[in-house]
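Keep the structure open beside you as you read.

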Amino acid sequence: MSNQAVPAMDVECCAPLAERRVPAEAAAVLAPAFKALGDPVRLQLLSMIASAETGEICVCDLTPAFDLTGPTISHHLRTLREAGLVDAERRGTWVYYRARPGILRQLAALLTVASAT
């Protein structure tokens, strides 16, 4: 299976939004990920993938969780792959998905807000 995902940045992305402006290069890498997560089904899919006990999950376990057709689920999963949020590996007739923790950490760090003390 082709993994044509946007590569996550190898270095620490940037300071939280509330502290400093996001560099243009970081914004270009992270914006597609945020856009992909703007859909409720994709957000749920990523949650299922990222929280899978074994670190990966088969598309055969994802599809029944939604009242959507297989092709629609595949479209959403492809969008997550292209945004660099997940990796996919074909094993026989099934595709297994795993979250890319590096980009998830970058997204979380960007949205971090200091607590008021």
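Start with the open sheet: 3 strands in the order E1-E3-E2, with antiparallel pairing. Strands here are DSSP E runs of at least two residues, helices are H or I runs of at least four, and both are numbered from the N terminus; two strands pair if DSSP finds at least two bridges between them. At the edges sit E1 (57-58) and E2 (86-91), each pairing on one side only. E1 is joined to E3 (residues 94-99) by 2 bridges, and Ile-57 stands opposite Tyr-97 in E3.

A word on ground rules: this is a predicted model, where local features need pLDDT of at least 70, side-chain atom pairs count only at pLDDT 80 or more, and totals for chains, interfaces and linings use all residues. Residues are numbered from 1 along each chain as its sequence is written, and side-chain values use heavy atoms, leaving out hydrogens and water.

Now for the helices. H4 (residues 70-82) packs on the sheet and touches E2 and E3, contact meaning heavy atoms within 4.5 Å.

Arg-81 belongs to H4. Is Arg-81 buried or exposed? Arg-81 is buried, that is, under 20% relative accessible area (1.4 Å probe, protein chains only). Its side chain makes a polar contact with the side chain of Tyr-97 at 3.4 Å; such a contact is a pair of N or O atoms within 3.5 Å, one able to donate a hydrogen and the other to accept it.

Lastly, look at Ile-103 in helix H5 (residues 101-111). Ile-103 counts as buried because its relative accessibility is 0%.

Conventions: Axes fitted to C-alpha atoms, helices over the stretch in contact; angles between N-to-C directions. Buried < 20%, exposed > 50% of the residue type's maximum accessible area, 1.4 Å probe, protein only. Lys, Arg positive; Asp, Glu negative; His and termini not counted. Salt bridge = Lys/Arg side-chain N within 4 Å of Asp/Glu carboxyl O.
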